[in-house]
Amino acid sequence: MRIATWNVNSIRARSELVVEWLTKNDIDVLAMQETKCDNGEFPSMSFAVAGYDVAYVGSGGRNGVALASRTVLEDIETSFPGQPRFPDDAKGELEARAISARCGGIRVWSLYVPNGRAVDDPHYLYKLKWLTALRDISSLWKVHDPAAQIMLAGDWNIAPTDNDVWDPEYFKGKTHVTDAERNALREFTDTGFVDSAAPFAGDAYTFWDYTQLRFARKEGMRIDYAMCSPALDDRITNAWVDRDTRKLKGASDHAPVVFEIGIG
């Protein structure tokens, strides 16, 4: 079984590319982020023609997450319990940043963690609160069922270590690399979740900004990955970043991360 995660940076602009990549690479389940479309605008027919069931939640031209699966998506959820709103009040918006379903016995989440923008921006505190809420509920899922097959896949907007950015000095004082963000991510591993691509893909970058020829200059970041429950991590036999996809005409600024999963 192959499960992938990919920040597609507008599914309406790239639906043909995404569907072609799915079929060419024999992907069973794809978690997509930053789809940037309302629910009524999602190009679901393109996926259906290729044999994929889809589920999605959107919010205009911002954010948006989706799942595509060769098997029927079951028990779909379009947020997680305790998911914070922005602004942080009862009237704040519950952004389209999380969706999940059961796919072949695995609970797959597609997550688009808030960017944070800048360390002095309210979105930075929102990002940390969002991560804490996700950690709290995901740790409860694992405690209640130690055998649970859970994949928290997506664009985490955090580079786990200095090896995951092209130049640590360049990022000093900026989001994605702060101690608070990395500690928030580390708390997932403290509860037992595993960065399952790390042993295979190493420090392979997954994102390269469109500006300043970042991709050609190999100036990227590793911010797309999956935190898996121990029971699922035991089944992962390989993982890789499809860097070549970033080279395609009209490509997203992120590359897909693919996981191969053995029989459980």
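Is tryptophan 141 buried, partly exposed or exposed, and what is its relative accessible area? Hold that thought while we walk through the fold. This is a predicted model, in which local features need pLDDT of at least 70, side-chain atom pairs count only at pLDDT 80 or more, and totals for chains, interfaces and linings use all residues. Residues are numbered from 1 along each chain as its sequence is written, and side-chain values use heavy atoms, leaving out hydrogens and water.

Start with the open sheet: 6 strands in the order 3-4-2-1-12-11, with mixed pairing. Strands here are DSSP runs of E with at least two residues, helices are runs of H or I with at least four, and both are numbered from the N terminus; two strands pair if DSSP finds at least two bridges between them. Strand 3 (53–59) and strand 11 (236–241) sit at the edges, each pairing on one side only.

Now look at strand 1. With 5 of its 6 residues buried (under 20% relative accessible area; exposed is over 50%, partly exposed in between, using a 1.4 Å probe and protein chains only), strand 1 is largely enclosed by the rest of the structure. On one pairing, 4 bridges join strand 1 to strand 12, running antiparallel, and isoleucine 3 stands opposite phenylalanine 259 there. On another, 5 bridges tie strand 1 to strand 2 in parallel, with alanine 4 partnered by leucine 30.

Strand 12 (residues 257–261) also runs antiparallel to strand 11, through 5 bridges. Alanine 239 is opposite phenylalanine 259 in that strand 12.

On to the rings. The whole structure holds 13 aromatic pairs, where rings of Phe, Tyr and Trp (its six-membered ring) pair if their centres lie within 6.5 Å; planes under 30 degrees apart are stacked, over 60 edge-to-face and the rest tilted. Phenylalanine 42 and tyrosine 56 are stacked, at 4.4 Å centre to centre with 10° between the planes. Phenylalanine 42 counts as buried at 6% relative accessibility, while tyrosine 56 counts as partly exposed at 27%.

Tryptophan 109 and tryptophan 141 are stacked too, at 5.4 Å centre to centre and 10° between planes. This pair links distant parts of the chain, strand 7 (residues 106–112) and helix 3 (residues 122–144), 32 residues apart. Tryptophan 109 is buried, at 1%. And the opening question? Tryptophan 141 is partly exposed, with a relative accessible area of 22%.
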